[in-house]
Amino acid sequence: MKKFTKVIMSGAAVAAIGASMAFGLVGCGGGDDELTVSIEGSTSMEDVMLALTDAFEKKYEAENEGVDITFDTAFTGSGSGVQAATDGRVDIGLASRALSTEEAKNLESKTLCLDGISVVVNPACTLTTVTKTQLINIYTKGTAIEAEGAKIDGAFRRESGSGTRDGFQEKVGIEDKDIYQGTGFNEYNSTGSLKSAIVADEAGTKLGYISMGSVDKTVKALKYDAEDGKGAVEATKENVLSGDYALSRPFTICYKEYDSLSALAKEFIDFIMSEEGQEICEDEGCISEVLHNAK
Amino acid sequence: MAKAKNSEKLPLFTKENFANAFTKENVARGIFIALAAFSILAVFAIIIFVLSESIPAFKQIGFFNFIFGQEWVPDRNDGVTGEVSGSYGILRMIVTSIALTGLAVLVGGILAIFTAVFIVYYCPKKLKGIFNQLINLLAGIPSIIFGYFGTSFLEGIFRDVFNQSSGVGLLLSSTVLSIMIVPTIASIAKNSLENVPMHYYEGSLALGNTRNQTVWKVCVPAAKNGIISAVILGVGRAIGEAMAVLFLLGGGNNFPSSFFLPLKSLTSAIISEWSYAGGLHRQSLIAIGFILLIFILIINVALWMVKQNNAMAGNRFFTRKFREGEDREKTFNYKRTGSAQDVLWILSIIFAVIVVVALVTVIVFVVVQAFIPNAETGEIALTWDFLFGESSNSDPTLGPAMAHTLLIILVALLVGLPLGIGAAIYLNEYAKRGSKFVKVIRLFVDTLAGVPSIIFGLFGYIFFGMYCGLGYSLLSGGLTMALVILPTIIRSTEQALSEVPDSMREASLALGASKVRTIFVVVLPQALQGIITSIILSVGRIVGESAALIYTAGSAYVIGKGGLFSPGATFTVYIYRFFNEGKHYDKAYATAFVLLMMVVLINVIVVVVQWAFERDKEKPLGITLLWRKLTRKPALAEAAITDGGDFSQINVSDQSVAIPTDEERKHIDLEEEQEVKNEEN
């Protein structure tokens with residue numbers, strides 16, 4: 001009898017664990033319906049994407065009365081966004097860089113707009129211009145930049161995988177493996193933390209690069225000389241579009257297959273690529289190639 | 001008995017047997033075993049799922065290339081299959097993590113042990129309670145606040161004082177980390193010091209030793225096993241810390257050959273590169289997590305061995321070494337008539353003061369920053385509207401943070417409480433003391449408690465997010481947090497259950513109540529204090545958590561329409577986002593201030609609850625009696641009353657005749673000693 005009880009009890013224990021697991025799994029798995037578009041990806045694209053979703057929601061709900069649509073957004077990073085789109089967990093993935101060849105195998109993608117990259121220093125620094133050679137030397141060999149009465153002895157960078165870093169290094173011509181990593185050459189994992197490090201550098205001895213949209217009074221953007229005969233060019237939208245200012249990166253949207261998306265998701269993609277959507281991107285500080293080409 | 005014998009001859013699976021086996025008692029027992037075994041399941045699930053996601057990286061890179069490779073140059077074109085063009089070697093990160101942990105534990109351990117000795121033996125009685133609360137408060141401060149305190153405040157000071165180009169690196173991160181691990185080490189060292197039998201202290205004094213000699217030569221060595229455990233736990237805490245060191249290490253892939261070289265540790269690499277990583281890069285970050293997990297498992301085995309030693313009072317490697325050392329020192333020290341111990345006494349006071357100063361500096365820093373007006377608008381971010389106004393993505397307020405935090409707490413407690421209390425009931429009420437199964441469960445509960453939150457985050461992302469398809473959602477975050485708080489609930493409930501006198505169980509059983517009923521009606525209400533304390537501690541843990549939630553609950557500023565299925569940021573994730581976006585520094589500090597106030601509030605609630613229950617034990621009128629009234633089944637109540645016995649009376653008489661424990665006696669003795677001293681003065 002005792003033995004039997006033991007057998008039954010251990011059986012019950014296993015069953016209970018199984019049941020709790022099953023319960024857990026049933027509890028998992030959210031509802032997906034036709035009135036929701038899920039988006040995940042780059043933190044840098046958050047502002048522009050939210051402006052686009054807000055505008056679309058307003059427009060759609062005005063056209064279709066009584067219909068309530070939802071955007072499930074998660075701004076976690078380009079890698080997570082592309083991964084989620086590849087896994088089919090979200091409708092649209094966002095990457096603040098071009099897709100890698102590996103990623104592009106399974107996904108369709110579009111360039112939503114461009115984002116300029118500014119080289120910034122503390123306003124206390126007297127430097128106003130930086131050349132391609134200077135940037136390459138400081139980022140790969142740690143060579144200090146001494147010009148215009150300023151001495152820059154350290155350069156901050158973003159973490160590997162960051163779209164800003166990819167865009168910057170690709171355009172300037174710096175390889176990941178050559179990066180100099182001595183004292184004063186720190187790595188930051190967000191625009192905000194890099195910017196605050198530049199702000200804290202009151203002696204004005206460091207430089208770094210951030211998205212053009214994040215430049216404000218607390219930092220100073222430098223002119224960039226790409227050494228292509230155009231001389232030092234100011235970091236402005238117009239110069240990015242004309243191609244004179246070389247430092248920029250694409251904001252990319254990606255999805256599995258356009259045809260397999262829900263009607264709502266298709267309509268949303270069409271909206272953001274339309275002139276109306278692109279104007280919103282411009283308002284948010286991005287640079288629209290579509291509008292530029294149309295003109 | 002006769003019946004049972006008869007049934008043995010019958011075939012095993014009969015209707016009657018089933019009916020007999022599925023009694024309420026047996027079913028309940030089975031359920032409790034299952035709940036207790038859940039911790040084992042959870043630890044294995046974490047190991048298996050993190051490993052399964054790491055295998056592609058190990059295969060592609062090669063396990064030894066990964067561990068012993070020095071270059072870390074991820075290439076985003078590297079897929080999970082195909083050619084590898086980047087370099088993925090983590091040796092420098094491993095060495096950095098070890099150096100950082102070593103330094104932090106060395107400094108933090110010394111601070112903590114001296115502080116613990118100060119609190120137990122030297123602290124004036126009136127200050128003792130305050131000191132204990134300060135240590136608890138320090139334990140409650142979220143690591144993200146330490147991180148920003150380090151970058152915004154200490155970094156500049158280090159840069160100027162040491163005349164360096166940049167203040168980040170090994171020195172800054174180990175300084176902050178050592179303060180962070182003080183509470184972990186101090187609280188356990190304090191417990192083991194308090195458990196040193198009082199007659200050691202008295203005996204030593206009676207032999208003519210001074211108080212300082214007694215404390216440092218008799219009491220501290222007697223508590224050494226506990227102190228070693230405390231230090232090992234500190235190692236686990238330090239090596240797993242991610243959020244704070246992320247901002248302080250500087251992010252260069254170097255060997256820690258200088259104090260100011262930018263570095264990457266295992267944890268900071270994961271948290272820093274996670275969001276943009278894809279393909280092989282992401283898999284290799286999970287593989288770093290797995291290596292970290294192996295470190296944690298090794299630390300737990302070490303801890304377990306120390307505890308085994310303790311249980312046997314035996315002398316395997318650890319104890320023997322220490323004894324040898326002692327013998328050598330003995331002759332040396334006695335010649336100098338205790339001067340060394342007097343120095344240690346002064347040091348313990350100095351170190352305790354340092355800990356308090358560090359805590360106060362962090363708090364003052366956050367408060368001051370929260371009330372500095374915004375440079376552009378000239379306004380303070382901490383307004384009524386920021387706290388309770390409607391939130392939008394362009395103008396976020398703390399309303400959603402509150403809602404998200406509450407929902408995550410709700411899910412975590414709904415799942416974690418039954419699991420934890422059930423496991424504690426099994427361990428204390430059903431299991432044979434010292435049985436192998438119990439030992440295994442304890443080992444796994446301890447292991448679960450030692451798993452760093454970043455590993456929980458990775459596991460939650462893989463299991464709840466990917467396998468269950470929950471993605472980033474409050475539910476996923478809540479379920480992950482249920483695992484995080486499980487050990488806390490099991491431990492403190494078990495502690496509370498073990499303090500319920502056996503006579504109460506015996507009385508209940510003697511009155512004819514079944515075991516299940518005894519547990520739920522008699523024992524559990526008595527353990528209410530422990531359960532409530534564990535709930536509050538769990539809430540504190542969830543409120544301060546960041547690394548585990550970013551990967552599971554996501555980071556949305558608004559309340560999603562999908563309820564539990566939508567993503568949501570808690571207070572800590574808010575701070576992280578505010579800083580990362582670089583637009584709302586003032587709001588980040590305002591949120592940090594609110595978070596700090598919540599941590600203080602939670603600590604105050606713990607104290608109030610404990611005080612209320614203590615008072616209740618002396619005069620059982622309030623909470624306990626009310627609880628009994630609400631929960632007592634009429635039949636049992638009648639039985640109790642007709643028997644002329646009320647449980648509250650049993651409780652009271654039981655306590656009044658109880659022999660004071662060693663701890664209580666020590667308190668009494670210390671007080672008397674203090675009085676004698678005062679008179680002498």
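View 1. Asp153(A) counts as partly exposed, at 28% relative accessibility. The model shown here is predicted. Lys206(A), by contrast, is buried, with a relative accessible area of 2%. The side chains of Asp153(A) and Lys206(A) meet in a salt bridge, with 3.5 Å from N to O. Asp153(A) sits in the loop between strand 7 (150-152) and strand 8 (154-155) of chain A, and Lys206(A) belongs to strand 11 (residues 206-211), so the pair ties together parts 53 residues apart in sequence.

**View 2. A salt bridge at Lys105(A).** Lys105(A) pairs with Glu102(A) through their side chains. The N to O distance is 3.2 Å. Lys105(A) is exposed, and its relative accessible area is 63%. That value is over the 50% cut-off, which is why Lys105(A) counts as exposed.

**View 3. Glu187(A) and Arg157(A).** These two residues form a salt bridge, and their closest N and O atoms are 3.1 Å apart. The pair links distant parts of the chain. Glu187(A) lies in strand 10 (residues 187-188) of chain A, Arg157(A) in strand 9, and 30 residues separate them. Glu187(A) is buried at 8% relative accessibility. Arg157(A) is buried too, at 1%. Both values fall under the 20% limit, so both residues count as buried.

**View 4. A salt-bridge network with members in both chains.** Glu187(A) also forms a salt bridge with Lys264(B). Here the closest N and O atoms are 3.0 Å apart. The network takes in Arg157(A), Arg165(A), Asp176(A) and Glu187(A) from chain A. From chain B come Lys264(B) and Glu273(B). Across the interface of the two chains, the rule finds two salt bridges. Over all chains, a search of the whole structure finds 25.

**View 5. The interface of chain A and chain B.** In this interface, 73 residues of chain A are in contact with 76 residues of chain B. The size of an interface is often given as the accessible area lost when the parts come together. For chain A and chain B, the buried area is about 5700 Å². Carbon and sulfur atoms give 54% of that area.

**View 6. The side of chain A that touches chain B.** The rule finds 16 residue pairs in polar contact across the interface, with both residues at pLDDT 80 or more. Several elements of chain A each supply at least two residues to this side. The helices are helix 1 (2-27), helix 2 (46-63), helix 3 (78-87), helix 4 (101-104), helix 6 (163-172) and helix 7 (191-200). The strands are strand 2 (70-75) and strand 9 (157-158). Helix 1 gives the most, with ten residues. By class, the side of chain A that touches chain B has 33 polar, 22 charged and 18 nonpolar residues.

**View 7. Chain B.** The secondary structure of chain B comes to 31 helices and two strands. Chain B has 681 residues, and 55% of them count as buried. Among contacts in chain B with a separation of 6 or more, 77% join residues 24 or more positions apart. Chain B exposes about 29300 Å².

Definitions and conventions. Residues are numbered from 1 along each chain as its sequence is written. Chains are lettered from A and ligands numbered from 1 in the order in which they are written. This is a predicted model: local features need pLDDT of at least 70, side-chain atom pairs count only at pLDDT 80 or more; totals for chains, interfaces and linings use all residues. Side-chain values use heavy atoms; hydrogens and water are left out. Contact means heavy atoms within 4.5 Å. Buried area is the accessible area (1.4 Å probe) that two parts lose on being put together, summed over both. A salt bridge is a side-chain nitrogen of Lys or Arg within 4 Å of a carboxyl oxygen of Asp or Glu. A polar contact is a pair of N or O atoms within 3.5 Å; within protein, one must be able to donate a hydrogen and the other to accept it, and residues adjacent in sequence count only if both atoms are side-chain atoms. Helices (H or I, at least four residues) and strands (E, at least two) are DSSP runs, numbered from the N terminus. Ala, Val, Leu, Ile, Met, Phe, Trp, Tyr, Cys and Pro count as nonpolar, Asp, Glu, Lys and Arg as charged, and the others, Gly among them, as polar. Buried means under 20% relative accessible area, exposed over 50%, partly exposed in between (1.4 Å probe, protein chains only). Accessible areas come from the Shrake-Rupley method with a 1.4 Å probe; for residues, only the protein chains shown count as cover.
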